[in-house]
Amino acid sequence: MQKYVDVILPLPLHSTFTYALPPEFAPAVNVGCRVVVPFGRSKYYTAIVCRVHQDKPQGYDVKPLTEVLDKEPMLLPVQFKFWKWLADYYLCTQGDVLKAALPSGLKLESETVVMCNPDYEATEPLTPREEKIFAALENNTEQTVTALERELGLKHILPQIKSLLEKGALSIKEELRQNYKPRTETHVRLVEDKRNENSIKALFDELAKAPKQLDLLMAYMEMSGILGQNPREVAKKQLLHRVIATPSVLNALVEKRVFELYQYEVGRLDKDVKLADSSLNALNNHQQKAFEQIAQCFQEKNVCLLHGVTASGKTEIYMHLIADAIQQGKQVLYLLPEIALTTQITNRLRSVFGDKLGVYHSKFPDAERVEIWQKQLSDNPYKIILGVRSSLFLPFQNLGLVIVDEEHENTYKQQDPAPRYHARNAAIVLASMVGAKTLLGTATPSVESWYNVQQGKYGLVSLTERYKEIQLPEIIPVDIKELHRTKRMNGAFSPLLLQYMREALAQNEQVILFQNRRGFAPMIECHTCGWVPKCQNCDVSLTYHKGLNQLTCHYCGYTTPLPTRCPACEGADLRNRGFGTEKIEADVQALFPDAKVARMDLDTTRTRTAQDRLIYGFQSGETRILIGTQMVSKGLDFDNVSVVGILNADTMLNFPDFRSYERAFQLMAQVAGRAGRKSKRGRVVLQTKSIDHPIISQVMNNDFQGMVNHELAERQLFRYSPYYRMVYVYLKNKNEKLLDLMAQTMAGKLRQRLGASRVLGPDKPPVARIQTFYIKKLIVKIETTASMTRVRQELVEVQKEMQAEDQFKSLIVYYDVDPM
C-alpha cells in the first residue's frame, strides 16, 4: 500500500504539503524525521515529517520525497504541539517557526551557501560523489547547493552535503560568519613539582636575596590561592600589574623553573570540565525563607513570580531550585534576556553542576548548536540548558522547571522575522504542556506579570533584603536643565558626577556610565542651513560613528562617508547633535586619561569573545570605567562598582510608547542596582531635565508599587494591556499611495468584522519607511473576555481577501501580537 507523508517546509506557507513515500524509505521514516523534498521547479528543502498516512491527495500528481536524513526523529511530539501553538497565537506559519527553531545545519536547502573547510584532514574515505563536490568547492570558495548541482551535472546532492558537513570537510557560510577564534591570554602557574607546601617554603628561602622575584611569588600565592581547595587562574598581565614588576622578573622565575607560562582560553566554555568543583552556597535566612515559599507556591500554582530587590541573591535561590529538580530526575531551562549575561552565570553554574550544564545561543557556531540539539535527544542529555529565547525550541525529554530571569526585559520579545513571540509567555505555555513549573525572577516585574499576580494566576514571593543586608544605593537626582542654562555642564557630565567618579577612582573603585544610545552622535547637522543627513532607504537620520568615520543607518545598515561640506549650502560647519556611547567613551578618556575605559554596546559585542573580554576585563578590575547601553543594566554582577551615572533619563521618559514610563523605571532601577552590590552602599547620579517627574521620585525611593498602581490605572482608562489584548497589524509596500489605499481598505474591513471601537488607525509608525518599504500600522484592541481565536481568524481572512484582489497582490502584512 502506497504511503504518504505530510511535511512542514521552512517557508511562510500556512499549509503542510504531501509527498509520496518511496517503498525503500518507508521503514526509516517517522514523525519528526527530516526529509529532502522538491518544491517548485528546481528547489529542494529540508522538511520535517509531521504525519505518515495512506490517504492519497486528489486532483494533482504527488511528487516523491528524494531523501531521508534521519534514522531517529529530530523533534519530540510536544515540540509539534508547541510549534502549532506559536504559529496560531502569534499569527504566523509553522514554516516560520521551523526556520527560527532549527539551527542552520539541520535545515539545508538548495539555496544554502556552502564553503570548503581549509583545515579539513581526511580521516575517513569520501564517496565518489562527495569527492566530486569537495573538489569543485576547493576550486571555487563558496557556492549555493543549486549552483553546485548545475556545475557538476548532479541531482539531489543534499545528502552528500550533509555527510561532508558531518565529516568536517565543508562548512555552511552562516556558520563561518558566526564562527570565532577563541581568545587566549598568557597565564602563569607554578611548575608541577613546586605545587606543594614544602616546595613553596623552600622557594621562599631560595628567593630571599631576590626581593622582586619574591614579591612576585607572594603576589601569585595570594592571587591563585594555590594551597586552598579552589585555586584560581592567574593572568600574566594581572600578576605583573599587581606588583608593578617588569616581564624580566617573571622571565627569570620561568628560567629557574619556578613558574611556567601557558595559553588559557578566556570566556569560552571549557569542554574539558567534567565534574563540579564546588558545592552550593548555604542560603541566608531571607533566601531560605523565599526558597521554601517558592516550593510551597509550586504546590498550588504553575507559575511563581520572585520579586527580589537587586543584589538580593536570586541566582543562589535559582541554583538550589535547579539542584532539587535534578535530584528528582528533571531537566531545567534557565532563560536570560541577553547573551552578555551567559558568561557570568555559566561560570557560577558550571562550578556547581559541571558537565550537566549546556549553553545555547546564536554566538555559538552553528555546528555546536547542532551538537547540543542532538545531545538533547540522546540518552545522556544536558540536565540544565542556559540560554536566551531561542533555547525554548530545543528538545527536552523531561522538563521540570523553567526559570525566566529578568522577566521584565523587552529583549525576550522577538521582533523580526516571524515568529514574533515573547519568550517569557511562550516558556510558560511550554512548561504547562509538559507539566513543568515556571519561576519568573526580577527586581522590577513587568506590569502584566504583576497584574497576573493580583488576579491570582501567579504566585508571589518577595525578597526585600539585599545580600548581607547592604543598603540599596543612594540615588541623587541632578537637574541638568539648570546646569545647561548656567553653562556648568562638562559635555554630558554634571560637576557632581565628575566629583563622585574622581573619588571612586582614587579609592580604587569602579564606575558604570549608562547612555541608551550607541554611536558617536545621533545625528550631524549643518549649522548654517540645518541640513541633516538621512538614510536613502529609511525615514531616519544617520548616526555618526567616529571610529569608522562614517554615517550609519541602524535600521537597514546603509553607510556613507562623513561629508566634509554640506551638500545643500556648501557650508563647512557640520556639528554633532546629541551624544552616544562612542562620544561618551572619547570624553571620559580625555577627562580620566589614567583610567582604563571600555564600552559595551552592540558595536563592541558583535562576537562572543569580544563580549567575554569586556566582562572579564571589568570583573578583574583591569577596566575602571564601563560605558554602556541597556546591556549594562541586565543582571551583571560586579563587586567593586561604587558609582553609577545615568547620563540622560529623559530619552527613556519621552519615548512615544504606552510602556515608556514602565520601561524607564525598570531601566533606571536595574542600572542603579549595579552599584554597591557586595561591600558598601553605592551612589547613583541620575541626570535629568525633568527633575519633578513622578518616575524620578519613584526610582529614588524604589517605589515599584507606586509606579505599577499608576500604570495599571492609566492602562485601564485608555484600554491598554493587561486589560485589553493588543495586536499591531503592519502593512508594507514600496508604493506609498497604494499602501495608503490598502491600509484604509483593510481598516474598513476589520471595523466591519470586529467593531469600529476595536480598530485604531491606519497611522504611520515612528519610523515609516525601512529598507525602501513604506509602512502603515493598525492597532487592534480586544477585551480579555473576548475570543482571541475568533479575532485571529478574522484577521487572517481579511488578509486573504485583500491579497486576492489584483491591485493588492504586492501587499505585505504581518502581525505583532502582544507588542512590546
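1. Basis. The model is predicted, so local features need pLDDT of at least 70 and side-chain atom pairs count only at pLDDT 80 or more, while totals for chains, interfaces and linings use all residues. Residues are numbered from 1 along each chain as its sequence is written, and side-chain values use heavy atoms, with hydrogens and water left out.

2. Strand 3. Helices (H or I, at least four residues) and strands (E, at least two) are DSSP runs, numbered from the N terminus. Strand 3 covers residues 34-39, and five of its six residues are buried, so the strand is largely enclosed by the rest of the structure. Buried means under 20% relative accessible area, exposed over 50%, and partly exposed in between, with a 1.4 Å probe and protein chains only.

3. Partners of strand 3. Two strands pair if DSSP finds at least two bridges between them. Strand 3 is joined to strand 4 (residues 43-53) by six bridges, and the two run antiparallel. In this pairing Val 36 stands opposite Thr 46. Strand 5 (residues 67-68) is also antiparallel to strand 3, with two bridges between them; Val 68 of strand 5 is the bridge partner of Val 35.

4. The 7-6-8 sheet. Three strands form an open sheet in the order 7-6-8, with antiparallel pairing. Strand 7 (142-144) and strand 8 (170-172) are at the edges with a single partner strand each, so one side of each has no neighbour in the sheet. On average, neighbouring strands of this sheet are turned by 35 degrees against each other, direction ignored. Axes are lines fitted to C-alpha atoms, for helices over the stretch in contact, and angles run from 0 to 180 degrees between N-to-C directions. Three bridges link strand 6 (residues 113-116) to strand 8 in the antiparallel sense, and Met 115 stands opposite Ser 171.

5. Helices on that sheet. Helix 4 (residues 145-152) packs on the sheet, touching strand 6 and strand 7, and its direction makes about 95 degrees with that of strand 7. Helix 5 (residues 158-167) also packs there, touching strand 6 and strand 8, at about 105 degrees to the direction of strand 8. Contact means heavy atoms within 4.5 Å.

6. Cavity. The structure holds one cavity of 30 Å³ or more, and the largest cavity has a volume of about 60 Å³. A cavity is a set of points on a 1 Å grid over the protein atoms alone where a 1.4 Å probe fits but cannot get out, and lining residues have an atom within 4 Å of a point. Its lining includes Val 78, Phe 82, Leu 392 and Val 434. Helix 1 (77-89) and helix 15 (423-434) each supply at least two lining residues, and helix 1 gives the largest share, three residues. By type, the lining has nine nonpolar residues, one polar and no charged.

7. His 320. This residue is found in helix 12 (residues 314-327). Its relative accessibility is 15%, so His 320 counts as buried. Leaving aside residues up to four places away in sequence, His 320 touches Leu 280, Asn 281, Leu 283 and Phe 291.

8. Strand 29. Eight of the 10 residues of strand 29 (residues 724-733) are buried, so this strand is largely enclosed by the rest of the structure. Strand 29 pairs with strand 32 (residues 773-783) in the antiparallel sense over 10 bridges, where Tyr 730 has Lys 777 as its bridge partner. Strand 33 (residues 812-817) pairs with strand 29 over six bridges, also antiparallel; there Val 813 is the bridge partner of Leu 731.

Definitions and conventions: On a 1 Å grid over the protein atoms alone, a cavity is a set of points where a 1.4 Å probe fits but cannot get out, and a pocket is an open set with protein on both sides within 12 Å along at least five of seven lines; lining residues have an atom within 4 Å of a point. Grid points are joined across faces, edges and corners, and a volume is the space filled by probe spheres set on the points. Ala, Val, Leu, Ile, Met, Phe, Trp, Tyr, Cys and Pro count as nonpolar, Asp, Glu, Lys and Arg as charged, and the others, Gly among them, as polar.
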